[in-house]
Amino acid sequence: MTELKPGLLLGGRYRLHEVLGRGSLATVYRATDELLLREVAVKLFRNVGAEPAQIPRQENEVRILAGLSHHALVTLLDAGADLTDPDDRKGYLVMELVRGPDLRVRERQGPLSAAHMALIGHDLADGLSYIHHHGIVHRDIKPANILLVDYNNDDSRVRAKLTDFGVAMLAAKDRLDDTSGTSGTPAYLSPEQALGEPVGTASDVYSLGLVLLEGLTGIVPYPGAPLESALARLLRDPHIPEDLAPAWARVLTAMLSREPDDRPSAREVSLALRQEVITGTGRHRDTSGLRSDTEEARMEAVHRYGILDTPPDGAFDRITALAARLFSVPIAIVSIVDHDRIWFKSHHGTDVEQISRDPGLCASAILQDDPWVITNAPADPRTLTNPLVAGEFGLKFYAGVPLRTQDGYNLGTMCVLDRKAREFSAEDVRSLEDLAAIVMNDLEMRLHSTAASRA
């Protein structure tokens, strides 16, 4: 396709500027929407009059994008065809303009930190979970189709957006047999794609695993010519470096299983990487991008209540003992989450008074709006790599309710633990919430009493 000169008004509305990217079937331009006076990205397809076989692909992408709305997906704003020249019909898509490089360009600067890859991976897995829920398989997950945007202009929280749904397909049972041949990019194909077999949502999970591994190591797992690259994954598993953090190694090993049924769902990957963002590798290696003004305000609230490192308290000890009896669990705790540790204000069934914040599940529970219940931790993607679960302690059950202040900050939790997997009913959750409310009511009364005495 001959590139169009800057300044062309497409469809009487979109003024084209410079080229942002080129593909085999289309070119993407930065453009101005002269009706709404905003910048957009215009994907202009090759002349469909000359190549009518492209029409189904274009219509497929329009239909798919039109029904999607998610923060990790590039938003479709408009679609149409410029008919100014009847002999040169120009089909196009108008999308949000993502101001940032694609992951392929970013990786040329070297491997990304584990913290950034956890954040990027969580976004992408969340987006895939969304499209999979809507019956769509992307089939072309690769760094060039992942756009990065830094809303805060400080590189502390780069968001990832998935684009290019041109080869996506509906995942309904009667649509899994793809007769169009192998689709996708050779270096990122799943084994079933390489074999030309029907693909499902697990194929996207595998491709995402290759993308994440490349981002962490700076090495393309299956380089080479298309045939060589495609065959390589059928003969050997990708190399996962020994110095990669254990949590990352477990997640990637599962995602890169050769058997589709052995891979986690995109939703499970999203939850696992969210947990990694909260308490795992990302926290150890780069905390600057994970702390926020909200966390600072939360810590101010913790100090306002003056509860850290105070003597044992009989009132709270009775509550934890009651919780242990009520739920038939060996351990019950009233925890306060400090900036680098979890301190146990009251602890029934354990002599431990505090643990590091990183592995503690209470640090995850305070980030929730609702009670956080893990009924079988070794099988739950949110916790299966947690040291308390995978290590000697052998935690299998956790239920925690945030201790929320009147102004909305979570100081810690009222939680119960067990080394056995167990169910936790809705009635149990309400009872645990009642105990947490009693703890917070007591803390509020103490705070007001202290304030009154100082008046």
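Select L9 and, across from it in β2, its bridge partner R15; they belong to β1 (residues 9-10) and β2 (residues 14-22), antiparallel strands joined by 2 bridges, where strands are DSSP runs of E with at least two residues, numbered from the N terminus, and two strands pair if DSSP finds at least two bridges between them. This is a predicted model, in which local features need pLDDT of at least 70, side-chain atom pairs count only at pLDDT 80 or more, and totals for chains, interfaces and linings use all residues. Residues are numbered from 1 along each chain as its sequence is written, and side-chain values use heavy atoms, with hydrogens and water left out.

Between β1 and β2 the hairpin has 3 residues, and G11 there takes a positive phi near 60°. Continue along β2 to L16, whose bridge partner in β3 is A31; β2 and β3 (residues 26-33) are antiparallel and share 6 bridges, and a hairpin of 3 residues connects them.

Next, select the open sheet of 6 strands, whose order is β13-β12-β11-β16-β15-β14 with antiparallel pairing. Because β13 (354-356) and β14 (372-374) stand at the edges, each with a single partner strand, one side of each has no neighbour in the sheet. Neighbouring strands here are turned by 25° against each other on average, direction ignored.

Methods:
Helices (H or I, at least four residues) and strands (E, at least two) are DSSP runs, numbered from the N terminus. Axes are lines fitted to C-alpha atoms, for helices over the stretch in contact, and angles run from 0 to 180 degrees between N-to-C directions.
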